[in-house]
Amino acid sequence: MGSAFRPISALIEVEFPWREANPKTLRHPAIHRPQESRIVFHESVHYWQQLGQGFMTKIAQEDWIRLLLFEKNNVVADPGPYRIEFARQHVVSDFSAHDLLESLARFWDVHAIGPHRLLEMEFIDPRRSFSELFKEQYFAFKKKGLIVHPEHGGYSDLAFDMTMDAAAGSYAKPYQYVRERFNSVVTGTVFPLAGYFALQTKKPIDVFLKIIDTVVPNLEHPPRGRAIHDLWKTYYSLIRDHTLRIAHQLKIGDLILTAALIKKGPLQDHPVYRWIFIELDRARRALEDTPFASELAQTFGHVPHGLRGVLATDFCLSCPGDTSNRSFLVEWLAPLCVLFPNGKRWLLTELHRRELVPRIDDLEREVSEDRLKVAEDAMNVQERWLAFRRSARGY
């Protein structure tokens, strides 16, 4: 079936053979077995999207309700409105919320792996198909030093755009929609934030297009000489506030936050999402009193102390390809379980926790046992969901 993130269970399934887990898989995917690490990183981005983008949690909630109804009354309910909206092809943009989700994941793949590495791995992947003209152009540009800088080795805007354009099918369209209108710096700054916050609303594509049409023209000239990582932090509050105003204008409510959704709804009885809520709360408390949280809060003006950790965690989830953010996510919100074809697993939460706390005392042992149980619960939920899907298909 291929590698995938399974939202109903929060499992990551990969198709390559099992081997011992290595922390470098997520910490340094560009240089540690990149053909495999890129897969785990991509699906981990989807996991982090599930933790931050409330629209995706709404879909999981709908499907959880469908599963419980099936198990209780043997009723196969139709997909809910959020799942339908997820697949809806927008008449103006000709892309869907699903396309936006995948385009964002691709964006972070390119940042973490490097466009030249990613594209050249895809050239030799038998499952991917590229025209000979595209490959000839790429290698011609590379020979001229237009893909990788001949001195410092950094990749170019051209390399980034070519790799985004090469994304499968319509997954490239959301990024292209922004890039066709604005320069590379504006696009690289705004695209991930606009996409992230749009997926915290009930109508992701309507909101995304309105963000691009209204807020981006005001950012035509971002501060010169600023690293992209600084620009994400600078414009996070502006785009978040702007998205909230757009959602109110469209009469679709406030931004949807995953933790609040779990706490107040049916997912509080879901064994995995209940655990995710606890993990999100731990992450919030870890960040709340940090200089990073204070600095981010200042971009909003006055922020109550209790919300600083919420915003700091949200920023990390909004830009998981940022080096500092990724380090925090790996240490505090690593994906629960990676499942291999032979049934073996990686418990990445446990792997990275042992990096931080090598010594296992009674408390750590209890937390480890809890993670193991939740991993079992995740596999059980996935099996239950597959039974539902088989019944829905009729075979």
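The model is a predicted one.

The sheet is open and has four strands, laid out in the order 1-2-3-4, with mixed pairing. Strand 1 and strand 4 (345–346) sit at the edges, so to speak: each of these strands pairs on one side only. Helix 2, covering residues 34–52, packs on this sheet and touches strand 1, strand 2 and strand 4. The direction of helix 2 makes an angle of about 25° with that of strand 1.

Zooming in on one pairing, strand 1 and strand 2 run antiparallel and are joined by three bridges. Here Arg-6 stands opposite Leu-11, a residue of strand 2. The loop between strand 1 (4–6) and strand 2 (11–13) holds Ala-10.

Most residues other than glycine have a negative phi. Ala-10, which is not glycine, has a positive phi near 65°. Ala-10 is also buried: its relative accessible area is 2%, and buried means under 20%.

A positive phi turns up at Lys-251 too, with a value near 60°, and this residue is again not a glycine. Lys-251 belongs to the loop between helix 12 (228–249) and helix 13 (258–264). Is Lys-251 buried or exposed? Lys-251 counts as exposed because its relative accessibility is 75%, and the cut-off for exposed is over 50%.

Conventions: Residues are numbered from 1 along each chain as its sequence is written. This is a predicted model: local features need pLDDT of at least 70, side-chain atom pairs count only at pLDDT 80 or more; totals for chains, interfaces and linings use all residues. Side-chain values use heavy atoms; hydrogens and water are left out. Helices (H or I, at least four residues) and strands (E, at least two) are DSSP runs, numbered from the N terminus. Buried means under 20% relative accessible area, exposed over 50%, partly exposed in between (1.4 Å probe, protein chains only). Two strands pair if DSSP finds at least two bridges between them. Contact means heavy atoms within 4.5 Å. Axes are lines fitted to C-alpha atoms, for helices over the stretch in contact, and angles run from 0 to 180 degrees between N-to-C directions.
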